[in-house]
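Me: I would like to learn how to read the features of a model like this one. Please give the general idea each time and then the case at hand.

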Amino acid sequence: MKRISVVVPLFNEKDALDQLHAELVEEAERLPYEFEFIFVDDGSTDGSHEALRRLLRSDSRLQVIRLRRNFGKSAALSAGFSMARGDVIVTLDADLQDKPAEMEKLLARLEEGYDLVSGWKRVRRDPISKRWPSRLFNFATSVLTGVPLHDINCGFKAYRREVIEEVRVYGEMHRYISVLASYRGFRVGEVSVEHRSRRFGSSKFGAGRFVSGFFDLLTVIMLTRYNSKPLHVFGVLGVLSFVAGFAIDL
């Protein structure tokens, strides 16, 4: 029987954990796979770890990792991946906006021959202040990297084990796992998933996320398209600067 590792990074999501665990258990009992759940507490200060310890006593499939402080989502995912023993790894956020029942879609798509399947929140239940910048960011990322996904930053994903063994996650590169996997020759796809409104807590991402995301995007482009020819990107910038300066002189 195929083994599925569900990795859930979290930071201050105490109120959502009971329901999330219950929904994951429901799916584990319904689907024909062997499951393990790995919750990674990324330095929560709201009692999330105590809630996880309580759940740990009631479910032998549950494993909990606690980071000493808030290191960020990439570090939390990396810690979860290091413990995962499944043939397939599924990641989702702990805020209940990702619906565990949609996991079946990701797994079915994976069986079609894909190595990584990303969720696409076709209808987002977020404020417009998050939706439109996200759409712009996804469009720019898709164009600049050549990876045609509608929702590159979606945390709801399914990976074959080979992907997480080869693609290392560090810094804030979790946003671009799909791009890095595609660059290494893995087949990347997506499937539409239901997105729910946030019921508990508040979003952990502010405007600074888009600024840091832009610089991370430049890093990814350098690592993929210009890894073996870095002078090309500087050459293009130099030509553009020359043309601009020449136009000004004229």
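**Contacts, strands and spaces**

Reply: The side chains of Ser 44 and Asp 41 are joined by a polar contact of 2.6 Å. A polar contact is a pair of N or O atoms within 3.5 Å; within protein, one must be able to donate a hydrogen and the other to accept it, and residues adjacent in sequence count only if both atoms are side-chain atoms. The model is predicted, so local features need pLDDT of at least 70 and side-chain atom pairs count only at pLDDT 80 or more, while totals for chains, interfaces and linings use all residues. Residues are numbered from 1 along each chain as its sequence is written, and side-chain values use heavy atoms, with hydrogens and water left out.

Me: Where is Ser 44 found, and is Ser 44 buried or exposed?

Reply: Buried means under 20% relative accessible area, exposed over 50%, and partly exposed in between, with a 1.4 Å probe and protein chains only. Ser 44 is found in the loop between β2 and α2, and its relative accessible area of 9% makes it buried. Helices (H or I, at least four residues) and strands (E, at least two) are DSSP runs, numbered from the N terminus.

Me: Which backbone nitrogen does the side chain of Ser 44 reach?

Reply: The side chain of Ser 44 reaches the backbone nitrogen of Asn 12 at 2.8 Å. Asn 12 lies in the loop between β1 (3-10) and α1 (14-30).

Me: What is the phi of Asn 12?

Reply: Most residues other than glycine have a negative phi. Asn 12 has a positive phi of about 55° although it is not a glycine. Leu 96 is also not a glycine, and has a positive phi of about 75°. Leu 96 is found in the loop between β4 (88-91) and α4 (103-110), and counts as buried at 2% relative accessibility.

Me: In what sense do β2 and β3 pair?

Reply: Two strands pair if DSSP finds at least two bridges between them. Strand β2 (residues 34-41) and strand β3 (residues 62-66) pair in the parallel sense, over five bridges. Asp 41 stands opposite Arg 66 in β3. With helix α2 (residues 48-56), β2 and β3 make a right-handed β-α-β unit. A crossover is right-handed if, with the strands pointing away from the viewer, the path from the first strand over the helix to the second runs clockwise.

Me: In what sense do β4 and β6 run?

Reply: β4 and β6 run antiparallel and are joined by four bridges. The bridge partner of Val 88 in β6 is Arg 160. Strand β5 (residues 116-120) also runs antiparallel to β6, with three bridges between them, and Leu 116 stands opposite Tyr 159 in β6.

Me: Which side chain makes a polar contact with the side chain of His 195?

Reply: That partner is the side chain of Gln 97, at 3.3 Å. His 195 has its place in the loop between β7 and α8 (208-224), and Gln 97 is in the loop between β4 and α4. His 195 is buried, with a relative accessible area of 5%, and Gln 97 counts as buried at 6% relative accessibility.

Me: How many cavities of 30 Å³ or more does the structure hold?

Reply: Rolling a probe the size of a water molecule over the atoms shows where empty space is left. On a 1 Å grid over the protein atoms alone, a cavity is a set of points where a 1.4 Å probe fits but cannot get out, and a pocket is an open set with protein on both sides within 12 Å along at least five of seven lines; lining residues have an atom within 4 Å of a point. Grid points are joined across faces, edges and corners, and a volume is the space filled by probe spheres set on the points. The structure holds two cavities of 30 Å³ or more, and about 70 Å³ of space lies in the largest cavity. The residues lining the largest cavity include Lys 73, Thr 91, Cys 154 and His 174.

Me: How many residues line the second largest pocket?

Reply: The second largest pocket is lined by 15 residues, of which Trp 120, Arg 135, Asn 138, His 150 and Asp 151 lie nearest its centre. About 240 Å³ of space lies in this pocket. Helix α5 (residues 128-145) gives the largest share of the lining, six residues.
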